[in-house]
Amino acid sequence: MKKVEFGSQIAHVGSTEELCVSLADEVEKLIRERAAEGKMAILGLATGKTPLPLYAELVRRHREEGLSFANVVSFNLDEYEGLGRDHERSYWAEMWVNLFDHVDVVEGNVNVPPSEPEDAERAAGEYEEAIRAAGGIDWQLLGIGGEGHIGFNEKGSELESRTRRVELAKRTVEDAADDFGGVENVPTHAMTMGVGTILDAKRVVLMARGEGKQEIVKRSMEGEMSADVPASFLQKHENMGWFLDEGAAG
Ligand code: PGA
């Protein structure tokens, strides 16, 4: 693993395996420290393909090294609108299949924005309130979309944005088309934490893998901060790490 500093930004560059070990070390340290104090560790988690090997490493540590998730509270970044928890492409389902089903997390401590809220504005406010009531997010994991979204904060998402209902960008819908068996099956809306919600986390880590992410990572880390590239606002965070494989780092 290499540690590279760009102005105020810190990038950790290595193989997927090295990135996952390093990120899993952060999660494990947090969980164990909190457990020793009799406290909960509050994780902000992400879906998508990027974090899958990290979740596999956390599952391995649970199985082979006794890492317990009994004191974990999690808040996921976002959820598609209208799928319901039973839909295999819902982020609720993805989180269980890829992580929670394989560890000892307490179901009541898992939070994902609601997919079918009766009143989206009220549900968004309640999600924010639940994060606040838990004491705020200790460690927030992010992926990045090809146009610089974090969560479903698409182009145009402002620094102060909070959890809310959003319309998905054309590119986001296209990127998900394969998973849904065609662009016409991809939900058009979602609920996402806001950029401001994400920046409130005590530690933020963004993971990006593959050459396809190289250009947007560069713009996010080095470009002007602007709602045109919501991930660029991460430059503001004082405890932010970019975890990049060689392809994404370029
Ligand atoms: P990916 O998605 O991990 O599947 O590349 C990342 C994102 O769109 O935020």
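A residue counts as near a molecule if one of its heavy atoms lies within 4 Å of it. By that rule, the ligand here is surrounded by Gly 48, Lys 49, Thr 50, Gly 143, Ile 144, Gly 145, His 149 and Lys 213. The model is predicted, so to speak of local features a pLDDT of at least 70 is needed, side-chain atom pairs count only at pLDDT 80 or more, and totals for chains, interfaces and linings use all residues. Residues are numbered from 1 along each chain as its sequence is written, and side-chain values use heavy atoms, with hydrogens and water left out.

Let's start with the ligand. Its shell divides into one nonpolar, five polar and two charged residues; here Ala, Val, Leu, Ile, Met, Phe, Trp, Tyr, Cys and Pro count as nonpolar, Asp, Glu, Lys and Arg as charged, and the others, Gly among them, as polar.

| Residue | Protein atom | Distance to a ligand oxygen atom |
|---|---|---|
| Lys 49 | backbone N or O | 2.9 Å |
| Thr 50 | polar side-chain atom | 2.5 Å |
| Lys 213 | polar side-chain atom | 2.6 Å |

Taken alone, the ligand exposes 280 Å², and the protein buries 73% of that (areas by the Shrake-Rupley method with a 1.4 Å probe).

Where does the ligand sit? You will find the ligand in the largest pocket, meaning that more than half of its atoms lie within 2 Å of the pocket's grid points. On a 1 Å grid over the protein atoms alone, a pocket is an open set with protein on both sides within 12 Å along at least five of seven lines, a cavity is a set of points where a 1.4 Å probe fits but cannot get out, and lining residues have an atom within 4 Å of a point.

The volume of this pocket is about 870 Å³. Among its 36 lining residues, Thr 47, Gly 48, Lys 49, Tyr 91 and Asp 179 are the closest to its centre. The helix α5 (170-180) is one of the elements supplying at least two lining residues, and its six residues are the largest share. By class, the pocket lining has 13 nonpolar, eleven polar and twelve charged residues.

The structure also holds one cavity of 30 Å³ or more. The largest cavity has a volume of about 60 Å³, and its lining includes Val 27, Leu 54, Phe 69 and Trp 139. The lining of this cavity divides into eleven nonpolar, no polar and no charged residues. Three of them come from α2, the largest share.

Methods:
Polar contact = N/O pair within 3.5 Å; in protein donor to acceptor, adjacent residues only side chain to side chain. Points joined across faces, edges and corners; volume = space filled by probe spheres on them. Helix = DSSP H or I, 4+ residues; strand = E, 2+ residues; numbered from the N terminus.
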